[in-house]
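Work through the exercises below with the model open beside you. Try each task before you read its solution.

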Protein chains: 2
Amino acid sequence: MQRPPLAGGTAGPAALRPLIDVVLDALHQGAKTRGGPLPPGGPEPVAQRVHAAATTFPTPGTPLPAQDTGGQKPRTTLIPAHGTGAEEALATLVRTLAEGSADPAEPHCAAHLHTPPLALATAADLAAGALNPSMDSWDQAPAASALEALLTRSLAQEIWPHGGGPPTTSGTPGPTGDALVTTGGTESNQLALLLAREHHGPVQIVCGAHTHHSIHRAAWLLGLPDPVVVPAPTGTTDLAALDAALTAQRSRPTLVVATAGTTDTGAIDPLPAIADLCATHHAELHVDAAYGGPLLFSDRHRPRLAGLEHAHTVTLDLHKLGWQPVAAGLLAVADPNRLAPLGHRADYLNADDDTEAGLPDLLGRSLRTTRRPDALKIAVTLRALGRDGLAHLVDHVCAHATQLAQLIDQHPQLELYEHPTISTVLFRPRDADDHAVAHIRRTLLANGTAVLGRAHARGRLWLKATLLNPHLTPHDLHTLLDTTLSATTPRATTPPPTKGSPR
Amino acid sequence: MQRPPLAGGTAGPAALRPLIDVVLDALHQGAKTRGGPLPPGGPEPVAQRVHAAATTFPTPGTPLPAQDTGGQKPRTTLIPAHGTGAEEALATLVRTLAEGSADPAEPHCAAHLHTPPLALATAADLAAGALNPSMDSWDQAPAASALEALLTRSLAQEIWPHGGGPPTTSGTPGPTGDALVTTGGTESNQLALLLAREHHGPVQIVCGAHTHHSIHRAAWLLGLPDPVVVPAPTGTTDLAALDAALTAQRSRPTLVVATAGTTDTGAIDPLPAIADLCATHHAELHVDAAYGGPLLFSDRHRPRLAGLEHAHTVTLDLHKLGWQPVAAGLLAVADPNRLAPLGHRADYLNADDDTEAGLPDLLGRSLRTTRRPDALKIAVTLRALGRDGLAHLVDHVCAHATQLAQLIDQHPQLELYEHPTISTVLFRPRDADDHAVAHIRRTLLANGTAVLGRAHARGRLWLKATLLNPHLTPHDLHTLLDTTLSATTPRATTPPPTKGSPR
């Protein structure tokens with residue numbers, strides 16, 4: 001039996017090339033067959049197609065498990081007794097996946113902070129997979145660890161250009177900030193709470209009602225008290241309520257969590273005022289800028305993040321407004337000394353005598369051990385586009401949101417929630433109740449014609465368009481609204497007559 | 001300014017193709033220039049080359065940050081003010097990374113459970129990056145979520161072919177087991193402890209001295225008591241000591257952690273005896289099979305995992321003995337009802353009325369929110385190779401380890417630790433003390449000639465070869481030993497005269 005080729009070494013690229021051709025063809029065919037932002041019909045037909053593709057095998061494959069089943073009917077499995085070969089497996093499963101995807105590169109796929117990745121970032125990530133550095137020890141990632149260190153310091157400087165750590169008594173700037181690479185905003189927020197816990201003990205989180213759910217989940221995970229939730233009636237933290245909540249904490253160690261770009265509306269908390277309150281009450285400040293962080297690159301939009309530099313920790317997430325394939329999260333830390341509690345020894349990875357002899361100790365850079373070098377695709381993207389190229393993309397999607405909001409505002413049948421802060425636009429048909437709004441969203445999904453999100457705001461349910469695709473055209477914005485309105489008619493709630501027909 | 005193309009949609013594959021050509025060329029050139037398992041010279045020259053490549057930019061790029069630096073000298077950054085373009089950025093950084101990698105596809109790169117990925121798995125992962133499904137809601141991952149569900153149940157059936165959950169009183173099999181996809185063994189172990197905590201409250205962990213460090217780290221993270229550590233003088237859990245430790249717990253909720261394939265030696269705990277002790281003492285059993293789990297695919301080696309089916313939870317990690325690029329971790333769970341505590345609501349992802357209307361609720365499948373579809377590459381690999389193809393690879397690396405052990409055992413200058421259990425071989429020069437052994441490893445790294453690991457066992461330090469490359473030849477095994485012995489001479493500790501010369 002032949003051993004399948006490896007991706008690495010000098011021979012890897014030649015082995016990868018024909019397989020990648022199969023993948024690219026399957027991606028293209030799948031996208032053509034899908035013919036829209038997502039497959040029509042809803043969950044059941046998609047699951048059936050995946051099931052059929054993944055659990056039936058051409059000769060000589062067979063679906064029978066090799067193991068003894070104790071006289072019972074063999075259960076369904078996607079593991080054949082004999083393999084179908086690389087080309088067949090890639091063609092079948094990649095095409096099935098593409099045909100059944102909600103593809104954020106499609107103009108009408110705009111529900112979530114679910115970015116359409118740049119081709120150049122996706123191509124860079126291939127190299128990460130082929131070389132497979134693991135970021136937990138230097139001897140698994142010599143260059144990748146050096147590149148990650150440059151990347152994390154470079155990004156921290158975007159937040160704290162004058163140094164992030166506490167200034168010395170003589171007024172000279174503090175040390176350069178740093179960042180840890182994470183799997184996304186959720187892990188970044190978890191790390192921020194963990195660092196606060198390790199510095200202060202069982203710290204009390206105080207956050208707005210609009211704060212991402214991952215903050216509550218992290219408090220549960222880490223055994224911290226339930227967060228104190230401050231109202232956010234206008235979509236951002238109510239400052240008087242925050243002041244009162246902090247006063248009530250008295251001398252208890254407190255971490256305030258503010259948000260720069262909420263998931264529901266893209267709203268940005270009044271960071272300077274919140275930072276002032278934190279200073280007054282001796283509370284620390286974490287800012288979840290998973291969405292809004294990349295506004296830093298834009299001369300036009302950077303002022304909206306004024307005050308971010310007062311944060312002790314900042315969540316960034318470049319698989320949102322940074323056009324990276326998942327994962328590309330970061331937790332930026334003003335004072336790198338705060339990372340010390342993550343220090344951890346495992347003799348096979350960072351023995352004392354190896355560290356003393358000059359081998360870098362990487363284990364304290366993450367709670368994970370084995371870790372993919374997500375730094376590569378991010379570094380390639382930053383270099384390829386530069387600060388102004390990224391700003392250009394940020395400005396574009398923000399401008400699209402403004403345009404969409406104007407279209408909605410001028411439309412007699414539609415109601416706009418408010419002018420967008422970043423690139424999220426909430427709207428609803430004027431004559432629809434909450435039940436109808438939810439039903440429209442599900443009808444669009446079932447029809448396969450648009451992927452819109454949903455958000456509660458001011459006591460009502462809204463449709464949500466999260467615009468992250470820099471290639472949208474004005475025509476796309478018009479048709480997105482037309483498609484949405486067409487789903488409000490009873491006719492459109494029935495399943496479409498043909499499935500998978502090209503648009 | 002032109003907007004860079006996206007990876008998705010019908011146009012994505014055509015945009016990816018030329019960029020991937022750049023990546024494959026850069027990978028090939030970088031591997032050729034490196035000319036060995038890792039770059040010679042140690043950490044400092046590698047960091048310097050990465051720094052030079054990543055922070056200097058061809059015209060029109062410039063390293064000056066656009067932001068005001070307050071009159072200070074601009075700090076180093078890898079973000080240019082203007083981009084260098086996709087081709088330049090990919091060529092420069094991918095080549096730099098490849099040149100500076102410790103490449104597990106090279107025969108002498110054998111320190112860690114750091115796998116050389118299969119080309120077909122790496123190619124499949126490209127599709128995950130291009131389509132960018134996010135596994136936290138159905139409307140971001142229609143087909144990917146269906147494929148993941150099939151994969152996780154298929155893998156759980158390999159452990160519990162007769163059903164994993166508790167049998168009914170009538171003796172019919174319990175429900176099919178399930179698994180969660182994780183970033184690796186560390187997250188899997190963390191999840192196992194979390195599930196135990198949520199089921200029992202502050203559960204006491206009892207584990208062997210040889211247990212992976214992530215168990216201790218997870219207990220710290222989750223606020224659990226420090227694990228009770230049972231001696232493992234022969235490399236596996238001492239059963240009498242475990243019995244005594246469990247007796248001492250009395251009626252306290254206890255989770256025993258056993259290991260099937262330790263990081264240091266590949267040893268497998270006596271699972272049937274440990275399972276019996278757990279049953280006697282009403283303790284639960286978690287098995288960390290991050291390394292050994294794929295022995296399940298091999299008729300020859302599966303018997304070594306006898307008893308695994310008694311575990312409540314099992315850590316698997318197919319970026320070790322499964323030849324996946326990172327990440328490909330799983331936590332398999334015998335009783336899927338045990339996953340209930342991970343249930344979590346976030347209105348934008350799994351609102352009650354959406355779930356009632358039939359949209360799958362995915363948020364309880366992970367502690368992460370946004371999540372890459374690592375299921376794809378795993379499913380493609382299982383389909384392409386089949387059970388027997390995977391078994392063939394597993395058998396091969398185990399056979400290599402046996403061959404290497406025999407070579408060592410017959411070598412007058414070398415001492416073998418013991419016959420390998422899986423594919424890890426510990427050895428040392430007969431006349432070397434621990435200091436010399438550590439020095440040999442670092443000399444090989446500095447020379448760029450081999451990447452070996454280190455492990456303490458029976459009170460001494462050993463060199464560790466973790467064989468995961470199925471393409472090794474008998475010649476490679478010979479030269480690995482010759483190279484190691486050459487590093488014991490004083491001459492070899494000096495840096496090599498030419499750096500990066502092709503082998």
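A residue counts as buried when its relative accessible area is under 20%, and as exposed when that area is over 50%. Keep in mind that this is a predicted model.

**Exercise 1. Is Gly307(A) buried or exposed? Describe its surroundings.**

Solution. 
- Step 1: Locate the residue. Gly307(A) belongs to the loop between strand E5 (284–288) and strand E6 (313–317) of chain A.
- Step 2: Use the cut-off again. Gly307(A) has 4% relative accessibility and therefore counts as buried.
- Step 3: Skip neighbours within four places in sequence. Gly307(A) is then in contact with Leu271(A) and Pro272(A).
- Step 4: Compare sequence with space. Gly307(A) and His212(A) are 95 residues apart in sequence, and their C-alpha atoms are 20 Å apart.

**Exercise 2. How many residues of chain B are in contact with chain A, and what area do the chains bury?**

Solution. 
- Step 1: Count residues. In chain B, 191 residues are in contact with 190 residues of chain A.
- Step 2: Take the area. The two chains bury about 16000 Å² between them, with 63% of it on carbon and sulfur atoms.
- Step 3: Arg217(B), Tyr348(B) and Arg383(B) supply 6% of the area that chain B buries against chain A, more than any other three residues.

**Exercise 3. Which polar links join chain B and chain A?**

Solution. 
- Step 1: Count salt bridges. The interface has 22. One of them joins the side chains of Arg17(B) and Asp21(A), at 2.9 Å from N to O.
- Step 2: Count residue pairs in polar contact. There are 93, with both residues at pLDDT 80 or more.
- Step 3: Find the leading element. Helix H12 of chain B (residues 375–410) gives the most to the side of chain B that touches chain A, with 15 residues.
- Step 4: Sort that side by type. It has 98 nonpolar, 59 polar and 34 charged residues.

Notes
Residues are numbered from 1 along each chain as its sequence is written. Chains are lettered from A and ligands numbered from 1 in the order in which they are written. This is a predicted model: local features need pLDDT of at least 70, side-chain atom pairs count only at pLDDT 80 or more; totals for chains, interfaces and linings use all residues. Side-chain values use heavy atoms; hydrogens and water are left out. Contact means heavy atoms within 4.5 Å. Buried area is the accessible area (1.4 Å probe) that two parts lose on being put together, summed over both. A salt bridge is a side-chain nitrogen of Lys or Arg within 4 Å of a carboxyl oxygen of Asp or Glu. A polar contact is a pair of N or O atoms within 3.5 Å; within protein, one must be able to donate a hydrogen and the other to accept it, and residues adjacent in sequence count only if both atoms are side-chain atoms. Helices (H or I, at least four residues) and strands (E, at least two) are DSSP runs, numbered from the N terminus. Ala, Val, Leu, Ile, Met, Phe, Trp, Tyr, Cys and Pro count as nonpolar, Asp, Glu, Lys and Arg as charged, and the others, Gly among them, as polar. Buried means under 20% relative accessible area, exposed over 50%, partly exposed in between (1.4 Å probe, protein chains only).
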